[in-house]
Amino acid sequence: MPRRSIGATGMSAGIIGLGTEHLDNKPFSTVDEVIGTALDQGINMMDLFMPGETVRTNIGKALAGKRDQVLIQGHIGSTDINEQYDRSRDLGTCKKYFENLLRCLHTDYIDFGMLFFIDSEEDFKQTFEGDLLKYAQDLKKAGTIRAIGASSHNPITAHRAVETGALDLLMFSINPAFDMAPRSVNVLNQLNEAGNPFGYEKNLDPDRAALYRLCEQRGIGITVMKTLGAGKLLSREHTPFSRPLTVGQCIHYALTRPAVVSTLIGCASGAQVHEALTYLDMDDTERDYSSIVEQYQGSFKGNCVYCNHCLPCPQEINIADMNKYLDIAALDKSFSPQAIPPSIAQHYKALNAHGSDCVACGSCEERCPFSVPVIKNMERAAEIFGF
Ligand code: SF4
Ligand code: SF4
């Protein structure tokens with residue numbers, strides 16, 4: 001399982017991780033099968049947001065003797081008061097549920113203490129300007145959590161959260177439908193309406209694109225939820241595109257966004273774990289999502305979506321990564337080498353080939369479905385990064 005490092009935390013996550021929401025209300029045998037299969041297959045990243053004691057206890061039992069094989073995202077603020085999933089911003093309640101998580105898992109640490117569901121202005125204020133951030137920071141100082149993260153579905157609020165500098169990790173909902181839907185659309189609700197067209201504005205949401213780039217720039221890893229759009233993107237009946245995407249295309253789309261370290265796939269059986277992992281054996285053609293998103297070519301024209309459909313390059317340039325780093329460097333309009341974040345300069349340097357290696361053969365531009373001016377971008381990259 002290829003791993004990606006998570007900023008400055010010293011931890012690294014496999015590119016495919018496990019979402020555990022489908023283990024809620026399942027018998028221990030199912031929980032044990034899913035967790036056992038995931039760990040045996042090299043999955044080392046797991047999200048656990050559910051507040052229910054039964055599922056937490058079952059997961060704790062399944063992890064007996066294996067705790068050190070997995071990084072766990074545990075949430076601060078996820079509760080089931082009144083027997084319904086809810087979020088709380090009350091310090092006492094959050095502490096109670098977080099301590100319960102440690103007890104149920106029979107562990108004395110959680111790898112990522114995730115500030116839960118930071119979607120609205122109110123969520124942000126109550127969490128970052130109230131007691132909860134301080135609580136997370138105290139947990140980190142005490143070694144009870146190793147790093148602080150947050151989960152969000154809103155790119156603007158998530159952007160603010162990342163800008164506080166308090167986070168090491170962001171859990172965010174990413175898939176092509178979410179990235180392209182107009183702001184006014186509740187995508188998940190809409191996906192439930194079979195045959196109801198989205199009426200996309202045919203645009204990549206600039207707030208979402210800016211969030212991914214900010215995370216990359218700051219060295220904040222992103223773990224992805226809703227990679228498959230709750231399975232709806234795979235369904236002929238519900239997909240908002242002209243045809244359903246495959247699991248491989250959805251995973252590849254998420255993994256090719258800037259800053260993404262791991263896609264967390266919710267699995268309800270060992271077979272589903274294996275199905276998600278087939279991504280690792282897929283070739284580029286099977287992973288390629290460009291034919292689906294190119295329906296929106298009009299607005300993507302000239303903008304790289306990091307799909308690598310343009311490869312191979314005779315100079316072995318990783319064109320998607322080159323464009324990604326160039327886009328991040330371009331966040332600072334001065335384009336001065338001094339303004340490039342050191343981490344991005346290092347990533348660029350670590351590439352096998354650089355902008356200056358481009359021989360302007362043009363084969364990539366012929367293959368790019370989005371009319372990206374790759375040769376010009378290579379020249380700009382060489383100029384900005386210096387080679
Ligand atoms: S240049 Fe075009 S084909 Fe290549 S990664 Fe970017 S969008 Fe995809
Ligand atoms: S134009 Fe440059 S980047 Fe594109 S395939 Fe040719 S050498 Fe590679």
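A cavity is a set of grid points, on a 1 Å grid over the protein atoms alone, where a 1.4 Å probe fits but cannot get out. In this predicted model, about 70 Å³ of such space lies in the second largest cavity.

**Cavities**

Two cavities of 30 Å³ or more are found in a search of the whole structure. The second largest cavity is the space taken by ligand 2. Its lining consists of C313, Q315, I317, I319, C358, V359, A360, C361, G362, C364, V374 and M378. By class, ten of these lining residues are nonpolar, two are polar and none is charged.

Around ligand 2 there are 13 residues, and C313, C358, C361, G362 and C364 come nearest. This shell holds ten nonpolar and three polar residues, with no charged residue.

The largest cavity has a volume of about 90 Å³. Its lining comprises 15 residues, and C304, C307, C310, C368 and V372 are those nearest its centre. The element that gives the most to this lining is α15, with three residues. Eleven of the lining residues are nonpolar and four are polar, while charged residues are absent.

Two or more lining residues come from each of β1 (3-5), α9 (206-218), α10 (247-255), β12 (260-266), α12 (284-287), α15 (319-329) and α16 (342-350). The lining divides into 19 nonpolar, 13 polar and nine charged residues.

For the second largest pocket, the volume is about 790 Å³. Of its 33 lining residues, E21, H22, F49, M225 and K226 lie nearest the centre. The elements β6 (78-79), β7 (86-87), β12 and α11 (270-277) each give two or more residues to this lining. Its classes are 15 nonpolar, eleven polar and seven charged.

The volumes and lining classes are set side by side below.

| Space | Volume | Lining classes |
|---|---|---|
| Second largest pocket | about 790 Å³ | 15 nonpolar, eleven polar, seven charged |
| Largest cavity | about 90 Å³ | eleven nonpolar, four polar, no charged |
| Second largest cavity | about 70 Å³ | ten nonpolar, two polar, no charged |

Key. Residues are numbered from 1 along each chain as its sequence is written. Chains are lettered from A and ligands numbered from 1 in the order in which they are written. This is a predicted model: local features need pLDDT of at least 70, side-chain atom pairs count only at pLDDT 80 or more; totals for chains, interfaces and linings use all residues. Side-chain values use heavy atoms; hydrogens and water are left out. A residue is near a molecule or strand if one of its heavy atoms lies within 4 Å of it. On a 1 Å grid over the protein atoms alone, a cavity is a set of points where a 1.4 Å probe fits but cannot get out, and a pocket is an open set with protein on both sides within 12 Å along at least five of seven lines; lining residues have an atom within 4 Å of a point. A molecule sits in a cavity or pocket if more than half of its atoms lie within 2 Å of its grid points. Ala, Val, Leu, Ile, Met, Phe, Trp, Tyr, Cys and Pro count as nonpolar, Asp, Glu, Lys and Arg as charged, and the others, Gly among them, as polar. Helices (H or I, at least four residues) and strands (E, at least two) are DSSP runs, numbered from the N terminus. Grid points are joined across faces, edges and corners, and a volume is the space filled by probe spheres set on the points.
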